[in-house]
Amino acid sequence: MDDGMIFVFIILFCFVLPIVFIGIWSSHKKDMAKLNMELGKSELANMQNELAAVKTRLEVLEAIVTDKKYQLDQEITSLGAQDRVN
């Protein structure tokens, strides 16, 4: 090998290959950040759906508890418990 060829290999190993590896690494990091962001959006959508379901259940429970029949049943049960105590 002549000196010119050795110089080309030194330049290749010292400058070109590190630049290529840094480019691959940064591209990988960017892709991973994009995937994490998409996953975050998916988790956010799941939490929003779950929150909507919980709100619906809460509305149903509030309707049951504020129903006059439920309150009347509670009052009758309370009066029955007082009668047993006395």
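Buried means under 20% relative accessible area, exposed over 50%, and partly exposed in between, with a 1.4 Å probe and protein chains only. By that rule, 0% of the 86 residues of the protein chain are buried. The model is predicted: local features need pLDDT of at least 70 and side-chain atom pairs pLDDT 80 or more, while totals for chains, interfaces and linings use all residues. Residues are numbered from 1 along each chain as its sequence is written, and side-chain values use heavy atoms, leaving out hydrogens and water.

**View 1. Overall form of the protein chain.** The chain has 2 helices and 0 strands (DSSP runs, H or I of at least four residues and E of at least two, numbered from the N terminus). Its C-alpha atoms fill a box of roughly 115 × 25 × 10 Å along the principal axes.

**View 2. Val20 in helix H1.** Val20 lies in helix H1, residues 3–66. Val20 counts as partly exposed because its relative accessible area is 40%.

**View 3. Thr56 and Pro18.** Thr56 also lies in helix H1. With 44% relative accessibility, Thr56 is therefore partly exposed. The C-alpha atoms of Thr56 and Pro18 are 57 Å apart, with the two residues 38 residues apart along the chain.
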